[in-house]
Amino acid sequence: MRRFTTATLVAGLLLAGGAAPAMAGQSSPVRRCSAAQLQVRLGTIDAGAGNRNAPLVFTNSSRTTCTLYGHPGLIMIDKQGDALRTRVRRAAGTKHQVTVKPGGSASTTLHWTVVETGDETHCPSPARLLVIPPDEQSYVNVPFDAGQVCDGGRLDVKPLA
């Protein structure tokens with residue numbers, strides 16, 4: 001009679017495309033947040049001396065806890081639906097894995113300038129912002145009535161906290 005170990009059974013299930021059964025007393029791992037689980041909104045814009053700062057808030061709208069780690073991706077869109085030049089600069093800061101329970105939130109801060117720099121004669125005015133959660137390919141479409149974004153479309157973004 002052939003004997004199978006737990007490791008052999010788990011490996012067999014995984015190779016067959018099945019999921020390994022949860023062991024008694026173990027909780028399932030918390031997975032990263034997907035775009036489908038998140039609602040994203042731009043907070044109140046703080047203006048001063050040609051600079052703009054605003055919180056970007058990620059709220060878990062699902063029924064399961066998930067995590068976020070690092071910086072989101074960003075793409076500015078104009079009123080016609082066309083992508084604008086967007087240069088995302090990852091601002092310094094310590095990255096932490098943020099656990100977001102259902103209904104809970106995590107946030108980052110965006111910074112941009114509204115003053116033309118170098119040889120700029122016109123700065124685009126985005127209407128929307130496509131926000132890509134860390135390690136995702138899907139995005140959340142967010143209203144972004146921020147006025148103009150200068151310095152070649154540069155948005156500075158801090159790590160999520």
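Modeller: Cys 66 is buried, with a relative accessible area of 1%; buried means under 20% relative accessible area, exposed over 50% and partly exposed in between, with a 1.4 Å probe and protein chains only. This is a predicted model, in which local features need pLDDT of at least 70 and side-chain atom pairs count only at pLDDT 80 or more, while totals for chains, interfaces and linings use all residues. Residues are numbered from 1 along each chain as its sequence is written, and side-chain values use heavy atoms, with hydrogens and water left out.

Cys 66 forms a disulfide with Cys 33, the sulfur atoms being 2.0 Å apart; a disulfide is a pair of cysteine sulfur atoms within 2.5 Å. Cys 33 lies in the loop between β1 (31-32) and β2 (38-42) and Cys 66 in strand β5 (residues 66-68), so the pair ties together parts that are 33 residues apart in sequence. Strands (E, at least two residues) are DSSP runs, numbered from the N terminus. The link of Cys 33 and Cys 66 is right-handed, with 85 degrees about the S-S bond. Cys 33 also counts as buried, at 0% relative accessibility.

By this rule there are 2 disulfides. Cys 123 and Cys 150 form a disulfide, with sulfur atoms 2.0 Å apart. This pair links distant parts of the chain, 27 residues apart: Cys 123 is in the loop between β9 (105-113) and β10, and Cys 150 in the loop between β11 and β12 (154-157). Their link is right-handed, with 110 degrees about the S-S bond. Cys 123 is buried at 1% relative accessibility, and Cys 150 is buried at 0%. With the bonded cysteines numbered in sequence order, the pairing is 1-2, 3-4.

How values were computed
Helices (H or I, at least four residues) and strands (E, at least two) are DSSP runs, numbered from the N terminus.
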